[in-house]
Amino acid sequence: MSADLGRLAATVADNSPEELKQAVDLASVVASYGVELTPNGSGDGWTGLCPFHAETNPSFYVRQFEDADHQRYGCSGCGVGGDMFDFIQLQEDCDFPTAV
């Protein structure tokens, strides 16, 4: 196991799901699945092509709100949306405990 994976496993083991959502940047999680994100014009998030359906114009967004523990993603094209664990569940086709 690499040192990075070991640190991640320790972080997961030592924290609740809510603490993980606060500690991990949702945009980084989304980008780790190959979604290219660009900063949006208002400076509070990112936009990109939705990984859940085919599109040519970006309708997918990731938002960081005032309180750092409130990060959400969504798509105005297909209607998906949620938090970090929802995104992982859809990408990996898994249940909540597996996503954590």
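Mentor: One term before we start: a residue is called buried when its relative accessible area is under 20%, and exposed when that area is over 50%. Also keep in mind that this is a predicted model.

Trainee: Fine. Is Asn40 buried or exposed?
Mentor: Asn40 has a relative accessible area of 14%, so Asn40 is buried.

Trainee: Where does Asn40 lie?
Mentor: In the loop between strand S1 (38–39) and strand S2 (45–48).

Trainee: And what does the side chain of Asn40 make a polar contact with?
Mentor: With the side chain of Asp44, at 2.9 Å. Leaving aside neighbours within four places in sequence, Asn40 is also in contact with Gly45, Trp46, Thr47 and Arg63.

Trainee: Changing topic. How many residues has the largest nonpolar core?
Mentor: That core has 17 residues. Those with the most contacts inside it include Leu26, Phe60, Met84 and Phe87. Helix H3 (26–32), strand S3 (60–64), strand S4 (71–75) and helix H4 (84–92) each give two or more residues to this core.

Trainee: Let's stay on H4. Which residues are buried there?
Mentor: Met84, Phe85, Phe87 and Ile88. Seen down the helix axis, the buried residues of H4 fall within an arc of 155 degrees, so they line one face of the helix.

Trainee: Why would residues a few places apart point the same way?
Mentor: Because an α-helix has 3.6 residues a turn, residues three or four places apart point the same way.

Trainee: What covers the buried residues of H4?
Mentor: The cover includes helix H2 (17–23), H3, S3, S4 and helix H5 (96–99).

Trainee: How many aromatic pairs does the structure hold?
Mentor: Seven. In one of them, the ring centres of Tyr33 and Phe87 are 5.5 Å apart and the planes are at 75 degrees, so that pair is edge-to-face. Tyr33 is in the loop between H3 and S1 and Phe87 is in helix H4, so the pair ties together parts 54 residues apart in sequence. Phe87 is buried, with a relative accessible area of 0%.

Trainee: And Phe85 with Phe96?
Mentor: Those two form an edge-to-face pair, 5.3 Å centre to centre. Phe85 lies in helix H4 and Phe96 in helix H5, so the pair ties together parts eleven residues apart in sequence.

Notes:
Residues numbered from 1 in each chain as written. Predicted model: local features only at pLDDT ≥ 70, side-chain atom pairs only at ≥ 80, totals over all residues. Heavy atoms only, no water. Core = buried A, V, L, I, M, F, W, Y, C linked by side-chain atoms within 4.5 Å. Buried < 20%, exposed > 50% of the residue type's maximum accessible area, 1.4 Å probe, protein only. Helix = DSSP H or I, 4+ residues; strand = E, 2+ residues; numbered from the N terminus. Polar contact = N/O pair within 3.5 Å; in protein donor to acceptor, adjacent residues only side chain to side chain. Contact = heavy atoms within 4.5 Å. Arc of directions from axis to C-beta. Phe/Tyr/Trp six-rings, centres within 6.5 Å; stacked < 30°, edge-to-face > 60°.
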